[in-house]
Amino acid sequence: MSLALFIPLLPLLAAVAIIACGKRFTSFVPRIGILATSSACLLAILTLYEVSTDEAIHIILWPMQEKGAALFKVGIFVDRLTAVMMVLITSVSTVIHVYSVRYLEGDPGYARFYALLGFMTFVILSLVSSPNLLMLFVFWQLLSWTLYLILAFNYSHVPAYQNAFKTLMVHRIGDVSFLCGIFLTYKYFGTLEFGELFQRASEHLHVISLLPGNLLDVSAVSVITLLIFVGAMAKSSQFPLHVWLPDTMDSPTPVSALMHAGIINAGGFLLNRLAPLYALSPNTLHIVFVVGAITVLLGASMMLVQNDIKKTLGFSTMGQMGYMIMECGLGAFALAIFHLIAHGLFKASLFLSAGNVIHSARHEPKFPASSSHEPTRLPAQTTWVTGLIVTLIMPFIILMVAHDLLEVPLEDAHGAVIFLFFSWVTASQAIFSLYRLHAVASWKVASAMIAALFLIGFTYLWAGELFTHFLYPEPGVADAFFVAAALNPTVFDVFILGSTILILVGWISLYTDAKGQKILNPDWSLAIQQKIYMFLINRVYVDLIYVRWGKVLFQWAQKIGTRY
Amino acid sequence: MNIDSTSLLAFAIILSAICAILGQGHSKHSTIASVEILFVSGLGLGALLTPVPINRYFLVGVLGYAAYSLFQSHCTGAIKTISLAQIVLAILLTLVSTFTGNELAMFAGLFLAVTLVPLLPFHLPFASLVGSASGALSGVWTTVFLALGLAELSQLQTFLFEGLPAAASLLALGGALYCSFKCLGQSQIRPLLTYATIAQVSMLWGLTTIFSTFSQWGVPFGITIALVMSGLFVTYHCVQQRFGTHAIGTLPGLASPMPRLGTMLIILISIAMVLPIIPILTGLTTMPAADHQTVSLIVISLIILSVWMLGSWYFAHLLHQTAFGKARPDIPYSDLKTAEICSLALLIVAASYSGLFY
C-alpha cells in the first residue's frame, strides 16, 4: 500500500468530517482542512522524491474483471508529471485553506465552503492521478460540478449562480466533445489505459472516412485528439470557450485563487498526459498552437482595456493559459507544465493580494485623483533606452546563451525559437504597459526592471531545460515532440517575420508619436483604434453571440413545451 | 430474468412506496393518498412476484387503475383519449397473450414495454398519468411503471438486440431530443420532471440496441432513474404541500431558509445530471468488447450527449429557480421534517447503490 493513495484521500476524509460535524464544531473546521491538505502536501513531496528516484507508482484498486472485458479500472497512477502536479495542488490548496480562515470567518456557509474546498482538492488530485482515460473523465466531470457548486457559494446572490451556470454549460460543451473522443478511442483502439493506448495508436493507423466513398479520410488519432482538445479548451478558457472565466469574479477570492492556480490548469495537464498521442498528430498540434496563439492575443488585449482589478487578472489568466496551450502546440509539453506551475503560484498570490487590496480600498475614505487632470508627460530618454535593451539586446543575448551554453537545437526546433520569440513579445508588452504608466522614468526603476527580466529570462530558459529532462528523462522523447510539432518552414518564417515587423512598427509609431509626428499614427487611425477598443471591451462580442443563441434555443423549447 | 433483478425491482417499488408515504406529510388527503400508494405498489409487487399467469392479472390491475386515475384526472383533449386508448389496448393484448401462443405474447410484451418504459410516440400514457397524479403518487407511478417495464424488457432482450435495433434507437433519439426540449420550455415542475424521466429513459432504449446483457446493466440503471426521479417528485411535493405552488420561479431561494431541502435538492439534481454517465460506466464494464455498427454507436452517442447536455441545462435551471436566489421575506418557511429527510435519504442511498455499486 503506497503512501500516494493517501494524498487524495486525506482531503476527501476532511470534507466528509466537515460535512458531518462542521456545523456543531465550527472552530475545528479550518483546522481539519488545513491539517488534511498540509499532510497531503508532505506526502506529495515524499512521493515526488520516490518517483524521481524509482519508477512510477501504479496501483489498481478495483479490477472488476481480471482479464479481457474490464475497461474501467479504478486506481492510481503517479509518475513524475502527476507527482509534480500533486505538490502544486496540495500546496496551493493549503495556502488557500489558511487564507480562508479569516476571510470567510462569520459567514453562515463557513463549513460548507471548507467541505467544498476539501472535496475539490480531492477531485483535482484524483484527476491528475487517474490511470486511464475513463477515470480521468469521471473526475473531469466531478470537477465541473464541484466548480459549479463552489462558484454558486453565494447562491442568494443572483449573478453568482448565473455565472456559475454559464461556467457549467461552457464546460459541458467541452465535456461532450471529450466524451466523443473517448467513444472513438475505445472504438478504434479498444482500450482506455494510457500505456496501452499510446502503444496501439503508434502501431495501428486507423482512418475515419468523414464523407461516403472515402472522399475525406482523416486519421483517427487526429479526430480523437482534436475532440479531446475541445474538452481541454473549455477547462483552460481558450477562445472561443473562454467566456466563463472573467465572470467568475463574484465568487469568494479564495475560490478565484484556487481556480486560477489549480482548476484552470486541468486542460494543460490533459494535453501533457496524452502527449504521446498528440505527438502522432502534427495537424492537431498546429491547431492547438493556433488556438493558443489567438487566446494569448485576445486575452492580453482584453486585459489591457479592463478597469477592474479582478477582471484584469482574469483576462491575464486567459492569456497565460493561451501561452501554455501554445507551448503544448509547439511540442514543449514539459515547458507548459513549468509555466503552469509558475503561473499558478504567482496568480494565486496576486488574487489573494487583490482581495486585501479591494478590502482596503473599500475602507479608504479618500478618492484617488483623476488621471485626466495630470499633465501629459513625454517618455524620457530612460524609457527609450530601457525599451531598446529589453526588446532588442536582451533577446539576442538569450539566443546566444540558448544556442551556445544550453545547446538548444534552434535550427531543428521551431518550438524553441517561437518561445524565445514570444518572450521578446512579452517583454515588449511589459514595456508598453509601463510606458502607459510613465513608470520607466528613473534609472533605478529601469535598472531593476532590466535585471528582473534578465533573471526571469535566464531562469526560465535554464529551468525549462532542466524540467524537460526531469519529466522526460528518456533520450529523444522530448525532441520527438518538438519535431512532431514543427511548422511548415514557410509558415514559420512568415510568422516570425510578420510579428517582428509588427513590433518594430509599434515602437517606431510610439517614438514618432512622442516627437509629435504622426507618420504611422494618422488621425483616421484613431477611429480604428476606438473601434478596436470597443471590440475588446465588449469581449469580442462572443458572450453576446452565445447569449443570443441561448435565447433562441430557449424560445424554441418554450414553443415545444407549450404547443406540442 | 434472474432472481436478483426481480428482487431489485421489487425492492425499488417497496422503497418508493415507503418514501412516498413518509414524504406525504400531514394533510386532509394524506390518508387517501397513502392508501392509493399502497394499492398501486401492491398491484405492482403482485405483477412482479407472482407466478405466471397470475402476474398478468396483476399487471392488468395496474393498467386498469392507471386508466381509472387518468380518467378521473384533470387532463383533457386528444392526449387523454389517446392515452386511455393505448392503456386499454395494452390491457387487451396482455389478456389475450396470456391464453395464446408465443408470437402474440412477444408482441404484447413489446407493446407493454414501450408503454411502461415510455418510448416516443408511446409515451403519452406515462406522461399524462405521472404528470397529473396527486401528491407523492407521481413518484410511485414512475417506479411501478419503470419496474414492470424493465421486467418486460428483460424478457425481450434477445429479440430487441437482434430484431429491432434501428427503429428503437431512432425513436429513442427522437424521444430524447423532444422530451429534453420540452423540459427546457416548461414552467411547471411536475411536467418538467415527467418529461425529464422520459428523456433519461430514452437512453435505456438506445443502449438496449448495443449492449445485449440488459439484465446486468439495464435493470439497475432503470431503477436508478426511477428512484432519483421519485426523490425529486417527493421533494417538490414537500414544497407544494407547504406553499401550494407548482410553478417554476414563483418561489426561489428555498435553500437559504430551508437548508435541509436545499441540500437534498442539490444532491438529487447532481445525481440526475450525472445519470447519463452511469450507463457508460456500467455498460462498458459488463459488455464484452464486441464490434458494433457505427450507426448504432453514433445514434446512442447523440442520445447520451443530448440528454446530458440539455439535462444539465434544465436541471440547473430548475435548481436556480427553486433552491437558489433570494428568499421572499413574506413567506413563513419551514424546513423538511425528520420523516421527509429519511425518505429522501433512503432514495438517494438506494439510487447510488443501484447505479454505482450493484
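1. Domain bounds here come from an automatic or database domain assignment. On that basis, chain A splits into domain 1 (1-129), domain 2 (132-358) and domain 3 (377-521). Please keep in mind that this is a predicted model, in which local features need pLDDT of at least 70, side-chain atom pairs count only at pLDDT 80 or more, and totals for chains, interfaces and linings use all residues. Residues are numbered from 1 along each chain as its sequence is written, while chains are lettered from A and ligands numbered from 1 in the order in which they are written.

2. On to the overall make-up. Chain A has 21 helices and four strands; these are DSSP runs numbered from the N terminus, with helices being H or I of at least four residues and strands E of at least two. Of its 564 residues, 46% are buried, meaning that 20 or more other C-beta atoms, placed from the backbone, lie within 10 Å of the residue's own.

3. Contacts next: two residues count as in contact if their C-beta atoms, placed from the backbone, lie within 7 Å. Among contacts in chain A with a separation of 6 or more, 77% join residues 24 or more positions apart.

4. Between domains 2 and 3 of chain A, 15 residues of domain 2 are in contact with 18 residues of domain 3. On the domain 2 side, helix 12 (282-304) and helix 14 (333-362) of chain A each supply at least two residues, and helix 14 of chain A has the largest share, with five. That side has 12 nonpolar, three polar and no charged residues. For the classes, Ala, Val, Leu, Ile, Met, Phe, Trp, Tyr, Cys and Pro are nonpolar, Asp, Glu, Lys and Arg are charged, and the others, Gly among them, are polar.

5. Now the chain pair: 30 residues of chain A are in contact with 28 residues of chain B. Helix 5 (133-151), helix 6 (158-189) and helix 21 (542-563) of chain A are the elements giving two or more residues to the chain A side. Helix 6 of chain A gives the most, 11 residues. By class, the chain A side has 21 nonpolar, six polar and three charged residues.

6. One helix pair is worth a look in your viewer. How do the axes of helix 1 (residues 6-21) and helix 2 (residues 29-53) of chain A cross? They come within 8 Å and cross at roughly 175°, which makes the two helices roughly antiparallel (angles over 145 degrees). Axes are lines fitted to C-alpha atoms, for helices over the stretch in contact, and angles run from 0 to 180 degrees between N-to-C directions. Residues in this contact include F6(A) and L10(A) of helix 1 and A36(A) and L43(A) of helix 2. The contact comprises 14 nonpolar, four polar and no charged residues.

Note on methods: Angles under 35 degrees count as roughly parallel, over 145 as roughly antiparallel, 65 to 115 as roughly perpendicular and the rest as oblique. A residue is buried if 20 or more other C-beta atoms lie within 10 Å of its own, exposed if 12 or fewer, and partly exposed in between; C-beta atoms are placed from the backbone.
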